[in-house]
Amino acid sequence: MAAESVSWESSDYDLIVVGSGAAGLACAVTAASYGLRVALLEKTDVVGGTTAWSGGWIWAPRNPVAKRAGKVEPADAPREYLKSLLGNHFDESRVEAFLRAAPEMVAFFEERTALQFEPGLAIPDTYGHLTGAGTGGRSLIARPFDGRKLGGKISLLRKPSRETTFFGMTIQSGADLRAFMTVTRSARSFAYVTRRTLHHFWDLAVHGRGMNLRNGNALAARLLRSALDLSVDVHTGVDVRSLVAENNRVKGVRLSDGKILRADSGVVLACGGYPHDAVRRQKTFPRDRDHQTLAVPSATGDGLRLAEDIGAHVETSTARPAAFCPVSEVPWPDGSRGQFPHIIDRGKPGVIGVLSDGRRFCNEGHGYHDYVEALLRAVPEDAPAVSWLVCDHRFLRRFGLGVVRPTPVPYRHWIRRGYLKTGGSIGELAHACGIDPAGLAATVKAWNAGAERGADPQYHRGTTPYMCLQGDPEQRPNPCVAPITKAPFYAVKVVPGSFGTFAGLATDEYARVLREDRSVIDGLYAVGTDSVSVFGGFYPAGGINLGPALTFGFVVGRHVAAENETGHAS
C-alpha cells in the first residue's frame with residue numbers, strides 16, 4: 001500500500017465517510033450514535049445521492065416492522081430464496097452477514113434515530129416460483145417526512161427528480177399512489193389528491209420545494225436529520241483526491257486543495273459506484289452505447305479509483321454489472337433531457353412491449369431487471385437495443401405511460417415533443433415509430449385474442465403474486481391483461497437503463513475492502529454501490545439496492561465503533 005509521509009500528532013476524526021447516499025449516511029449515523037467523531041464528505045453541494053431520487057424501498061427480510069404486523073417467517077426462507085436465485089454467485093459469508101444484520105439495522109434506526117419505517121406487507125419477491133420466495137413484509141419504506149424539521153438545512157437535501165414527480169411532488173406507492181390513479185373515479189381520492197396538491201403548491205411558493213417528503217427523498221431526509229442530531233460534520237463541495245495511509249493502514253484522505261483530513265479508525269467509500277464512468281462502463285456494460293443510467297451525475301466511480309490506487313480489487317464477475325431498468329428519454333421544454341424508469345406501467349393491463357419487428361419479446365409484467373435482460377438477448381449485437389411500449393387510449397388515460405400522466409393531466413404536449421408516438425390505427429402507430437406494421441398488427445391481434453379471455457398464452461402475464469401486484473385489481477379475470485382496441489394508439493420508446501452498478505470493490509462480511517488475493521486493506525471500507533453487490537448481480541426483489549446499502553452502512557458503523565474500543569482489533 002502506498003503511504004503518505006505525514007506526521008500526525010492527533011486525529012481530526014475517528015471516521016471519515018466519503019459520499020452521502022443511504023449507505024454513507026447510514027454508516028455515519030451509526031458510528032456517531034456509538035460516540036465516534038464522524039465527518040461526512042460530499043463532492044456536490046447537496047446530500048442524498050441517487051437515494052434521494054429513488055423509490056425508497058428497502059429489502060430487509062424478517063425485519064421487526066413486519067413482525068409487529070404479524071408477518072413472521074422462518075430464518076431459512078430468505079436464505080433458500082437467495083440460494084435458488086443466485087446459484088454459483090451465492091457468497092455465503094456476505095449473504096449471511098446481510099440476513100443477520102438487516103433486521104438489526106431496522107431495529108437500531110427505529111430505536112435510536114429519526115429514521116422510521118412503514119411496512120410493505122403486500123409486496124412479494126420478484127420470483128415467486130422459487131423456494132423461499134416472500135409474499136410480503138420483506139420490503140419496507142421510510143415514513144413520509146416533513147421537510148420543515150430540517151430547518152435551514154433543507155437546502156442540503158437533494159431535490160427529487162422531476163421525471164418521477166408531479167411538479168416536484170413525490171407520490172408514494174400504495175394508498176398514496178392509488179388515490180392519484182383513481183382521482184377521477186372516487187370522491188375520496190379526489191378530496192385527498194386536492195389537499196395534497198394544494199399543500200404542495202403552497203410549499204413551492206413559500207419554500208421553493210415540496211416539504212411533504214416521501215420515497216427515497218424521505219429516507220435521505222430522515223438520515224440527514226439523524227446525522228445532524230448526532231453532530232456528524234457534514235461537508236459538501238469537498239473533492240477527495242486520494243487516500244492516506246500510515247503503517248499500512250488507511251487513516252485519512254487528501255483533498256483537492258492539498259489539505260489532509262485524518263481519521264484513526266479509517267475511511268468509508270460510499271461514492272455511488274460508477275454509472276457515469278464512461279471508460280469503466282464501456283468495459284463492463286453490455287450495449288453501453290444504448291444505456292441510460294438513472295443515477296445522479298456525480299456518481300463517476302470516484303470510490304473505485306481511490307481504492308484501486310492503493311491496491312484494492314474491483315470485482316466484475318457479477319451476473320450483470322448493474323441493476324437494470326427499462327428507461328425512456330424525456331425531452332423537457334428547456335431543451336434538457338431526463339430519464340424515466342418504467343417500473344410499474346409495464347405490468348398494467350393493456351400494454352405490451354415490442355421490438356422494431358413488432359414482436360413481443362418478454363413477459364412485460366415481470367421484474368424491470370428481467371425486461372432489460374430479455375431486450376438485450378432479443379436484439380442482435382449490431383442493432384440498437386430498442387423496444388416500444390404500446391397501448392391504446394383507454395390505457396393512456398387510465399394509467400398513463402412513462403412520464404405521461406393519466407387523466408386529468410394533459411398529454412398532447414408529449415406528442416408534440418416527440419416523446420409519445422401516436423396513430424389512429426395500429427398501422428399508423430407502427431409507421432410513426434418505425435416498427436414493422438405487419439408484425440405489430442399480428443402481435444396486437446394475437447394479444448387481443450388472449451386478452452378477451454384474460455389470458456396471455458405467450459408469456460403468461462398475471463400468474464405470480466409479483467405480477468398481480470403490478471396490475472389493476474379492477475381488471476377481471478386477470479389484473480395484468482386487457483385488450484388493446486380503443487383508438488388512437490400510443491407508444492413510448494424504451495431502452496436499457498439502470499439504477500446503479502452491481503460490479504464494485506471486493507469486500508468481506510464487514511464491508512472491508514479487499515485486494516485481489518482477498519487480504520484486507522486495513523482501515524478501508526466500501527458500502528452501497530461502491531461495493532460489489534451482495535446478490536451477485538441478480539435482482540431478487542424491490543429494494544435490493546437500498547437494503548444492503550443501509551445494512552452494510554450499519555455493519556461498518558458498528559464494526560468501527562467496536563474496533564475503536566479495542567484498539568483496532570480484528
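**Questions on a predicted model**

Trainee: N63 has a relative accessibility of 0% and so counts as buried. Which loop holds N63?

Mentor: The model is a predicted one. The relative accessibility of N63 is under the 20% cut-off, so N63 is classed as buried. Its place in the chain is the loop between β3 and α2 (64-68).

Trainee: Which residues is N63 in contact with, leaving aside neighbours within four places in sequence?

Mentor: N63 and A102 are 39 residues apart in sequence, yet their C-alpha atoms are 7.0 Å apart in space. The contacts of N63, with neighbours within four places left aside, are P103, V106, G137, R138 and L140.

Trainee: At roughly what angle do the axes of α1 and α4 cross?

Mentor: Two packed helices are described by the angle and the distance between their axes. Here the helices are α1 (residues 22-33) and α4 (residues 92-112), with axes that come within 12 Å. The crossing is left-handed. The angle is roughly 65 degrees.

Trainee: How many residues of each class make the contact of α1 with α4?

Mentor: On α1 the contact is made by A26, V29, T30 and S33, and on α4 by F108, F109 and R112. An α-helix has 3.6 residues a turn, so residues three or four places apart point the same way. By class, the contact has four nonpolar, two polar and one charged residues.

Trainee: Which elements are included in what covers the buried residues of α3?

Mentor: Helix α3 (residues 76-86) has as its buried residues A77, P78, R79, Y81, L82, L85 and L86. Just after α3, G87 takes a positive phi of about 55 degrees. The cover over the buried residues of α3 includes β3 and α4.

Trainee: Which residue in the hairpin of β15 and β16 takes a positive phi?

Mentor: β15 (residues 322-331) and β16 (residues 337-341) pair over five bridges in the antiparallel sense. S328 is placed opposite F340 in β16. Five residues lie between the strands of this hairpin, and the residue with a positive phi, near 95 degrees, is G335.

Trainee: How many disulfides does a search of the whole structure find?

Mentor: A disulfide is a covalent bond between the sulfur atoms of two cysteines. For C433 the nearest cysteine sulfur belongs to C391 and is 11 Å away, and C433 is in no disulfide. For C480 the nearest is that of C468, at 5.0 Å, and C480 is in no disulfide either. The count for the whole structure is zero.

Trainee: Are C433 and C480 buried or exposed?

Mentor: Residues under 20% relative accessible area are classed as buried. C433 has 10% relative accessibility, and C480 has a relative accessible area of 1%. Therefore C433 and C480 are both buried.

Trainee: Which peptide bond has omega near 5 degrees?

Mentor: Most residues other than glycine have a negative phi, and most peptide bonds are trans. A cis bond joins T407 and P408, with omega about 10 degrees, and P408 lies in the loop between α11 (393-399) and α12 (412-416). P477 lies in the loop between α15 (465-470) and β20 (489-501). The bond with omega near 5 degrees, also cis, runs from R476 to P477.

Trainee: What is the phi of N215?

Mentor: N215 is in helix α7 (residues 215-229). At 10% relative accessibility, N215 counts as buried. Its phi is positive although the residue is not a glycine, and the value is near 60 degrees.

Trainee: Is S231 buried or exposed?

Mentor: S231 is not a glycine, but its phi is positive, about 65 degrees. S231 is in the loop between α7 and β8 (233-236). The relative accessible area of S231 is 57%, so S231 is exposed.

Technical notes:
Residues are numbered from 1 along each chain as its sequence is written. This is a predicted model: local features need pLDDT of at least 70, side-chain atom pairs count only at pLDDT 80 or more; totals for chains, interfaces and linings use all residues. Side-chain values use heavy atoms; hydrogens and water are left out. A disulfide is a pair of cysteine sulfur atoms within 2.5 Å. Buried means under 20% relative accessible area, exposed over 50%, partly exposed in between (1.4 Å probe, protein chains only). Axes are lines fitted to C-alpha atoms, for helices over the stretch in contact, and angles run from 0 to 180 degrees between N-to-C directions. Helices (H or I, at least four residues) and strands (E, at least two) are DSSP runs, numbered from the N terminus. A crossing is left-handed if the near helix is turned anticlockwise from the far one by less than a right angle, and right-handed if clockwise. Contact means heavy atoms within 4.5 Å. Ala, Val, Leu, Ile, Met, Phe, Trp, Tyr, Cys and Pro count as nonpolar, Asp, Glu, Lys and Arg as charged, and the others, Gly among them, as polar. Two strands pair if DSSP finds at least two bridges between them.
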